[in-house]
Structures are given as C-alpha cells and as structure tokens.
Amino acid sequence: MKAIAIEQFGGPDRLQLRDVPDPRPAAGEALLKLEYAGVNFIDIYMRSGRYARSDTYKTPLPMTLGMEGGGSVVELGAGVSGLRPGDRVAYCIVRGSYAPYAVVPAWKLVKVPADLPMAVATSLMLQGLTAHYLTHSAFRLEPGHNCLVHAGAGGVGQLLIQLSKLRGATVLATAGSAEKAEIARQRGADHVIRYRETDFREEVMKITGGKGVNVVYDAVGKDTIAGSIRSLKKRGLCINYGGASGLVEAINPLELGEAGSVFFTRPHLADYLQTAEEIGSRAADLFAAHAAGKLSVAIDREFPLAEAARAHQYIEGGRTKGKLLLRI
Ligand code: NDP
C-alpha cells in the first residue's frame, strides 16, 4: 500500500507517499481500513526527531507517521473478542495512521456509536482524550477551581476549555489573535488574554485578585513556561503537556519553591490510557458530552492523505483553529 512515511528526520518535505508493506494483524490485533487520520503536534515531534530519545513514543526509521485514526475493522488476529469485521472504530497512540490500512492492538480500539460521524469520533481521540485526562486525572478540576489554558483556540485548547467548564471551573485562556480570542470565548472561556500583546501573568494576577490559578495547562512550552509557573496559586500545579513554541529543556527546582511551593508535571497521554477500561471510560464521557450537545468539536481543515506535508506546515505555522484531519 502507499502511505506517508519518512526515511530520515527533518522538515515537512520529508513526508512522501511511499510503498510500504501491507499490514497483517497478529494475535490480539485488528486490521482496520481507515477513513481518517488525525494530524497532531506529536507527529511533528516524531517527524523532526525531537522524540528520537523517547521510550514512550518510539520513532524507528523508516517510519509511517500518524498516531490517530478512525475506520472499520477488516480482519481480526487470533484471540480478539468483542469485535467483528465491519465495526466502526477509532483509536490513538498507535503509530501508522497516515495510511489506507493500519494494524492496532484490539484493546486500544473504541467502538464508534452509529450516529457519530467518523470525522468527529477521530477528532475526539488524541486531543479529546488528552483534554479529558488533563481535567479529570492530571488535575481533577472541581467547582471553585480556576485554570489557565494556553492556546485556547487550538485543537486541544478548545476541548480543554469546554471540559474545564463542564467540571465547574473558572477558565482563563490565552490566544494568539483577535480571531482566536473570539473562538476561545465561544468555547466558554470566562476570560481571554491576548498573550502576544500583554504580559499574561500580570493579567492572570489582575483577574484572580493577586492569588493566581489552581492549575495551568501549558502546551506552548518554551515561550510561556516561566510565566505559567509564576501564574499559580501557592501549591498549584503547572502541567507542561507540550511544546508548540519549543520543548521545555529544564526547570530550576528552587523556582518552584519561589513561585509558592508549586508542583510541576510533564505528562504523556499514553500513561493515562493504560487499560482498555481507562480508554473506554474516557471515550464514553466524551461521546456522551458530544451527544448531549455539551462538547463541540471544531474540525478546522481536512487534507487528502497525499497532502500530509501541507497539513504539517499548517499546524507548525500555528494556524490551527481546531482539528486537522487527513482524508484517506
Ligand atoms: P494546536 O492546534 O493547539 O496548535 C498549537 C497552538 O499553539 C497554536 O495554534 C498556537 O496558538 C500556539 N503556539 C504558540 N506558539 C507557537 C509556535 N511557535 N508554533 C506553533 N504554534 C504555537 O495543536 P494541538 O491541539 O494538536 O496540540 C496542542 C499541544 O498539545 C501541542 O503542544 C501538543 O504537543 C500537546 N499535546 C500533548 C499531549 C500530552 O499528553 N502530553 C497529547 C496531545 C497534545 P496561538 O496562536 O493561540 O498562540
């Protein structure tokens, strides 16, 4: 089959439609015919070599990209129960979805409800499950809490704002333009800060009466992390879950003390999707919130599979206002 793969780390130009072996399901696996692949920032880290030393997300070369997909079951390996050929399924955190077919461990698959469009189900996997674990597990938001969501108009950002509101928190969000600020507001942010024009930390302190927030969700990384740590309440939590502006290389422990004995974590989604039950219950929450009209999924753009390089340029250019999909 022809899939988007790289032979060396580098820029978007490395993404080529190449002949790769047809995948076959081993025991415990399912072979899927994909309709959509999600495009995510993790694909950029993997393509560029920034995750070359990661044990959680291995990047052996040559490598077919794509960590998220949606489609239907074609064939099952030995020992798989609870699935049948033809079932509509979606998944994330298995590499190789920029392709017409993929093999996925069956326990990682989520059944897609009959009335849920595959594009939406796929969009709720990597970014939705991330927003879910960030608001329910990494820091369990409760009514009375407040949080700061950076890049609130981005793919994860829009879902994070909505799930934080559903948990009853007050949401402060940052956005890089007037248009993005409006999107963050529409998603439910109580306060939106234009962080390229103002010092976001000063704004957070003004809004919170000098106290700071319980938790910062920061995936912008390099450009914002120092201000994020200083935007917290005493003993608050800084969750650095990505590095859209560059990965954070180091944190001075004494700085955490000076900021009010705050905590710092750098989580990977894979560690919050440890079992079929954990994946299933998070996905069920997301699907139910969407079905109830409480969780909007903004699909920003769809690109054909062959134009994966354009999708990478789009996301790396910071232009995304929601989900990017490859149509297979
Ligand atoms: P987004 O669509 O949110 O795009 C990233 C946003 O970051 C941009 O829209 C932009 O918003 C902002 N940004 C700030 N500086 C830059 C820059 N120099 N280049 C590009 N963008 C910049 O992407 P995703 O929703 O797919 O992912 C958001 C983040 O979440 C990524 O960092 C990703 O790695 C992380 N992530 C982490 C996971 C985890 O478990 N650890 C799992 C999933 C995602 P603005 O213009 O408003 O500044």
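**Buried serine, domain contacts and charged pairs**

Modeller: Leaving aside neighbours within four places in sequence, S228 touches H150, F200, V216, D218 and C238. Bear in mind that this is a predicted model.

Colleague: Fine, but why does S228 count as buried?

Modeller: The cut-off for buried is under 20% relative accessible area. S228 comes out at 0%, so S228 is buried. As for where S228 sits, that is helix α6, residues 225-229.

Colleague: And S177, what makes that one partly exposed?

Modeller: Buried would need under 20% and exposed over 50%, with partly exposed in between. The relative accessible area of S177 is 23%, so partly exposed is the label for S177. S177 belongs to the loop between β10 (170-175) and α4 (178-186).

Colleague: How do you know that the side chain of S177 is in polar contact with the backbone nitrogen of K180?

Modeller: The limit for such a pair of N or O atoms is 3.5 Å. The S177 side chain gets to the backbone nitrogen of K180 at 3.1 Å, so the distance passes. On another note, S177 and E197 are 20 residues apart along the chain, and their C-alpha atoms are separated by 9.1 Å.

Colleague: On to salt bridges. What makes K2 and D19 a salt bridge?

Modeller: The rule wants a Lys or Arg side-chain nitrogen within 4 Å of an Asp or Glu carboxyl oxygen. For K2 and D19 the closest N and O atoms are 3.0 Å apart, so the pair qualifies. This pair links distant parts of the chain, with K2 in strand β1 (residues 2-6) and D19 in strand β2 (residues 16-19), 17 residues apart.

Colleague: Why is D19 called exposed?

Modeller: Exposed means over 50%, and D19 has a relative accessible area of 60%, so D19 clears that mark. K2 has 43%, so K2 is partly exposed.

Colleague: How do you know that K58 and D55 form a salt bridge?

Modeller: Same test: their closest N and O atoms are 3.9 Å apart, which is within 4 Å, so K58 and D55 count. Both K58 and D55 are exposed.

Colleague: What about K165 and D190, how far apart are the closest N and O atoms there?

Modeller: They are 2.8 Å apart, so that salt bridge is within 4 Å too. The pair links distant parts of the chain: K165 is in helix α3 (residues 155-166) and D190 in the loop between α4 and β11 (191-194), 25 residues apart. K165 is partly exposed because its relative accessibility is 31%, and D190 is partly exposed because its value is 39%. Elsewhere, salt bridges with shared partners join R140, E142 and R167 into one network. The whole structure holds 17 salt bridges.

Colleague: How many of these cross the interface of domain 1 and domain 2?

Modeller: Zero by the rule.

Colleague: Which residues make up each domain?

Modeller: The domain assignment gives 2-124 + 297-327 as domain 1 and 128-269 as domain 2. Together they bury about 1,300 Å², with 59% coming from carbon and sulfur atoms. Y45, L124 and K321 supply 32% of the area domain 1 buries there, more than any other three residues.

How values were computed. Residues numbered from 1 in each chain as written. Predicted model: local features only at pLDDT ≥ 70, side-chain atom pairs only at ≥ 80, totals over all residues. Heavy atoms only, no water. Helix = DSSP H or I, 4+ residues; strand = E, 2+ residues; numbered from the N terminus. Buried < 20%, exposed > 50% of the residue type's maximum accessible area, 1.4 Å probe, protein only. Contact = heavy atoms within 4.5 Å. Domains from an automatic or database assignment. Buried area = accessible area lost by both parts, 1.4 Å probe. Polar contact = N/O pair within 3.5 Å; in protein donor to acceptor, adjacent residues only side chain to side chain.
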